[in-house]
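Please look over the sequence and the model first.

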Amino acid sequence: MYAIEAKDIVKTYSEKVTLYDFSIKIPMGTIYGLLGPNGAGKSTFIRIIDGLEKQNSGVLKIFGESPNKRLRKQLGIAPQENSFHGLLTCFENLMYYAELYGVNRGEAKQRAEDLLKRLGLGEKMHARASWLSGGMKRRLNLACGLMHKPKIIIMDEPTTGLDPVSRNQMWNVVRDIQKKEKVTIILTTHYMEEAELLCDEISFINRGHVVVTGTPEKLKEIAGKEFLRIRSRPGEYLKFIKMIQDMEGIESATISDGEILIEAKNLPSKISSVTRLLDDQGEKILDLRISKATLEDAFIKLTGSALKEDKTAHGEKKLKVTPK
Ligand SMILES: Nc1ncnc2c1ncn2[C@@H]1O[C@H](COP(=O)(O)OP(=O)(O)O)[C@@H](O)[C@H]1O
Ligand SMILES: [Mg+2]
């Protein structure tokens with residue numbers, strides 16, 4: 001059984017097709033990413049899951065059943081636009097959401113305090129929501145959707161527009177929630193590094209359609225292979241190339257253009273043993289590079305378009321992929 005299953009969903013807005021034969025199966029207990037550029041249709045799909053919009057055709061199932069009020073109570077949504085009240089404090093906002101979902105007051109108080117602490121808002125419990133920083137606001141937005149202990153948590157662009165520190169805090173929160181609450185988490189993003197770091201499985205979404213689904217590793221393979229290239233002096237590679245080939249986990253090692261070209265799964269983990277071998281052989285390393293396949297490369301290869309049309313739109317630099 002899947003947490004969410006959609007088959008051939010079509011959604012149009014006054015003739016404009018927004019989702020087209022949109023099919024997806026989201027396994028229970030995973031962190032699942034919907035990765036795609038702005039306008040791909042991610043939020044539209046979330047609104048259909050949430051019941052705020054109805055599809056024109058196609059079937060949606062939540063825990064294997066047609067959506068109904070009871071099932072939708074199992075959903076916790078942190079929408080793309082913050083949905084708390086700026087004039088209320090963090091605590092008051094959570095109590096308000098608890099009331100909406102029919103959580104009893106005593107239980108709600110405990111849950112609110114616990115959540116605020118876990119989400120790094122303990123000291124802001126009685127601060128007005130509108131006074132919070134951008135990152136805190138996103139975490140409060142998430143906390144509101146968690147008050148009723150949902151089984152499926154949906155986060156629509158949890159870190160868009162946040163600085164790198166706040167983004168990291170949010171990533172830790174997401175991991176903590178999955179670990180402690182044992183839920184299914186669905187998140188949408190157009191940041192490939194976010195999808196790669198957090199998600200067990202990812203679907204590429206483009207122009208209202210699921211292009212491909214897989215683990216981050218599988219999807220990166222679409223982009224091509226990763227190579228480690230090393231140039232060293234005196235460069236007597238023939239003497240020891242066989243030794244590199246025989247190292248554990250190395251798929252191939254060749255000499256090309258005066259460099260050693262190495263192919264392996266999880267290349268970064270092989271660097272130290274390869275460099276040690278070169279050192280033992282009396283080689284001095286002049287240059288060492290990994291040509292890394294990224295999710296962005298895979299996305300471009302499959303769709304012909306980039307995840308972010310304008311990388312400087314938020315004044316941000318292209319982030320490097322942080323190793324796990
Ligand atoms: N209520 C609406 N009326 C008309 N067009 C809409 C509406 N909501 C979304 N769209 C359009 O549907 C497309 C997908 O939007 P959206 O689901 O918000 O994409 P994403 O969340 O991936 O950025 C966009 O072209 C958007 O303009
Ligand atoms: Mg959106």
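A cavity here is a set of grid points where a 1.4 Å probe fits but cannot get out, and its lining residues have an atom within 4 Å of a point. The model under discussion is predicted.

## Overall build

The chain has 324 residues, and 46% of them count as buried. Its secondary structure comprises 11 helices and 13 strands. The C-alpha trace spans about 75 × 50 × 40 Å along its principal axes.

Among contacts with a separation of 6 or more, 68% join residues 24 or more positions apart.

## Enclosed space

How many cavities of 30 Å³ or more does a search of the whole structure find? The search returns 2. The second largest cavity holds about 40 Å³ of space. Its lining consists of Ala78, Arg138, Asn141, Leu142, Met155, Asp156, Pro158 and Met170. Two elements, helix 5 and strand 6 (152-156), each give two or more residues to this lining.

Helix 5 gives the most to the lining of the second largest cavity, with 3 residues. By class, that lining has 5 nonpolar residues, 1 polar and 2 charged.

## The second largest pocket

The second largest pocket has a volume of about 270 Å³. It is lined by 15 residues. Nearest its centre lie Asp50, Leu52, Ile77, Pro79 and Ser83. Helix 1 (42-50) and helix 5 (134-144) are the elements that give two or more residues to the pocket lining.

Which element supplies the largest share of the lining of the second largest pocket? Helix 1 does, with 4 residues. The lining of this pocket divides into 7 nonpolar, 5 polar and 3 charged residues.

## The magnesium site

The magnesium ion (ligand 2) is coordinated by Ser43 through OG and by Gln80 through OE1. The distances run from 2.1 to 2.2 Å. This pair links distant parts of the chain, 37 residues apart. Ser43 sits in helix 1, while Gln80 lies in the loop between strand 5 (75-78) and helix 3 (90-100).

Are the two coordinating residues buried or exposed, in whole or in part? Ser43 counts as buried because its relative accessible area is 17%, under the 20% limit. Gln80 counts as partly exposed, because its relative accessibility is 35%.

## Lys42

Lys42 also lies in helix 1. It counts as buried, because its relative accessibility is 4%. Its side chain reaches the backbone oxygen of Pro37 at 2.9 Å.

Beyond residues up to four places away in sequence, Lys42 touches Leu34, Leu35, Gly36, Pro37, Glu157, Thr188, Thr189 and Ile205.

## Ser203

Ser203 is found in strand 8 (residues 201-206). Its relative accessible area is 0%, so Ser203 is buried.

With which side chains does the side chain of Ser203 make polar contacts? One partner is Tyr32, at 2.6 Å. Another is Thr213, where the side chains are joined by a polar contact of 2.6 Å. Leaving out residues up to four places away in sequence, Ser203 touches Ile24, Tyr32, Gly33, Leu34, Leu35, Val210, Val212 and Thr213.

## Ala223

Ala223 lies in helix 8 (residues 216-223). It is partly exposed, because its relative accessible area is 22%.

Which residues does Ala223 contact, neighbours within four places in sequence aside? They are Ala293, Thr294, Asp297, Ala298 and Lys301. Of these, Lys301 is 78 residues away from Ala223 along the chain. Their C-alpha atoms are separated by 6.6 Å.

Notes:
Residues are numbered from 1 along each chain as its sequence is written. Chains are lettered from A and ligands numbered from 1 in the order in which they are written. This is a predicted model: local features need pLDDT of at least 70, side-chain atom pairs count only at pLDDT 80 or more; totals for chains, interfaces and linings use all residues. Side-chain values use heavy atoms; hydrogens and water are left out. On a 1 Å grid over the protein atoms alone, a cavity is a set of points where a 1.4 Å probe fits but cannot get out, and a pocket is an open set with protein on both sides within 12 Å along at least five of seven lines; lining residues have an atom within 4 Å of a point. Grid points are joined across faces, edges and corners, and a volume is the space filled by probe spheres set on the points. Ala, Val, Leu, Ile, Met, Phe, Trp, Tyr, Cys and Pro count as nonpolar, Asp, Glu, Lys and Arg as charged, and the others, Gly among them, as polar. Buried means under 20% relative accessible area, exposed over 50%, partly exposed in between (1.4 Å probe, protein chains only). A polar contact is a pair of N or O atoms within 3.5 Å; within protein, one must be able to donate a hydrogen and the other to accept it, and residues adjacent in sequence count only if both atoms are side-chain atoms. Contact means heavy atoms within 4.5 Å. Donors are N, O and S atoms within 2.8 Å of the metal (3.2 Å for Na, K and Ca); water is not among the atoms, so sites may look incomplete.
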